[in-house]
Every structure is written in C-alpha cells, then in structure tokens.
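Please walk through this structure with me, one step at a time. Keep the model in view as you read.

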Amino acid sequence: AYPPDPAAAAAEAAASALDAYVGEWSAEDAARIVGLLRDWNTNARNCHVAQAVLASMLRVLPRAHLTGAPDWAGLLAALEAYTERHFQRLDRLHEASYVADMTLQSMQLVAGPADGEEA
C-alpha cells in the first residue's frame, strides 16, 4: 500500500467543503452561478475554479435546480466548448513535460555524471 497523499487528502477535504456549501443553494442561486461559470470558464486563469464549482453542482444539486437556468442548453454548449479547449491545453502541457524530461535525461547522458555522483 502507498502512503497517504497529503495533496489528495486536502483536495478531497476541499471538495467536500464545497459540496456542503453548494448543497445549500436554491434553484435561483444555481441558475445565477451557472451563468457566472460560463464566464469564468472562458479564462484559463479561472477555469479551474469554474470546473470545481460545476463538478460540485452536478454532484449535489437536484437536476431541476440546474435545468431551471435560463438558456440551459446554451450555457452547457458554452461550458463544453471552453472545457474542451482547456483539456486540449492541459494535454499539450503534459506532452511538453515529457519532452522536457527526455531532453534533461539526454543532457545528463551526454554530460556524464556530475561531481560526486556514481556512473
């Protein structure tokens, strides 16, 4: 078994606290927040917050709270389009991290071991 991951535990606690807060929202609150989420999700700086709140809303709120928002279909389409872009950006960053790792490993092979390191 692996040791507990403190970051995962903190993320789980944060999600639980967010779920408790979101669970108190009325249908009107939910409709207003979904409109804000659409705007927040258009910006890469705010998209993580928007995605966390949206995930919490989908987990804890009754469907009627969400589908009661004006232009629900339009809001979903906007959220989906920008969410897809954010995931594509994250995929590119993830791939680039492998290229950086490979480059660093190649540089270490060419340069040989550093002072004090074994070959």
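The side chains of Asp29 and Arg32 are joined by a salt bridge, with N and O 3.4 Å apart. That term stands for a side-chain nitrogen of Lys or Arg within 4 Å of a carboxyl oxygen of Asp or Glu. Both residues sit in helix H2 (residues 27–40), and because they are three residues apart, about one helical turn separates them. Helices here are DSSP runs (H or I, at least four residues), strands are DSSP runs too (E, at least two), and numbering starts from the N terminus. Asp29 is partly exposed, with a relative accessible area of 23%. On this scale, buried means under 20% relative accessible area, exposed means over 50%, and partly exposed lies in between (1.4 Å probe, protein chains only).

A word on the source: this is a predicted model, where local features need pLDDT of at least 70 and side-chain atom pairs count only at pLDDT 80 or more, while totals for chains, interfaces and linings use all residues. Residues are numbered from 1 along each chain as its sequence is written, and side-chain values use heavy atoms, leaving out hydrogens and water.

How many salt bridges does the structure hold? There are three. Another one joins Arg59 and Asp19, at 2.8 Å from N to O. Arg59 belongs to helix H3 (residues 47–60) and Asp19 to helix H1 (residues 6–22), so this pair ties together parts that are 40 residues apart in sequence. Arg38 is partly exposed at 32% relative accessibility, and Asp39 is partly exposed at 43%.

Now step back to the whole chain. It has five helices and zero strands, giving the pattern α-α-α-α-α along the sequence. Its radius of gyration is 21 Å, whereas a compact globule of 119 residues would have one near 14 Å. This radius is taken over C-alpha atoms, and the globule rule is 2.2 Å times the number of residues to the power 0.38. Taken along the principal axes, the C-alpha atoms fill a box of roughly 65 × 35 × 20 Å. Of the 119 residues in the chain, 21% are buried.

Finally, look at helix H5 (residues 72–111), where you will find Glu84. Glu84 is partly exposed, at 45% relative accessibility.
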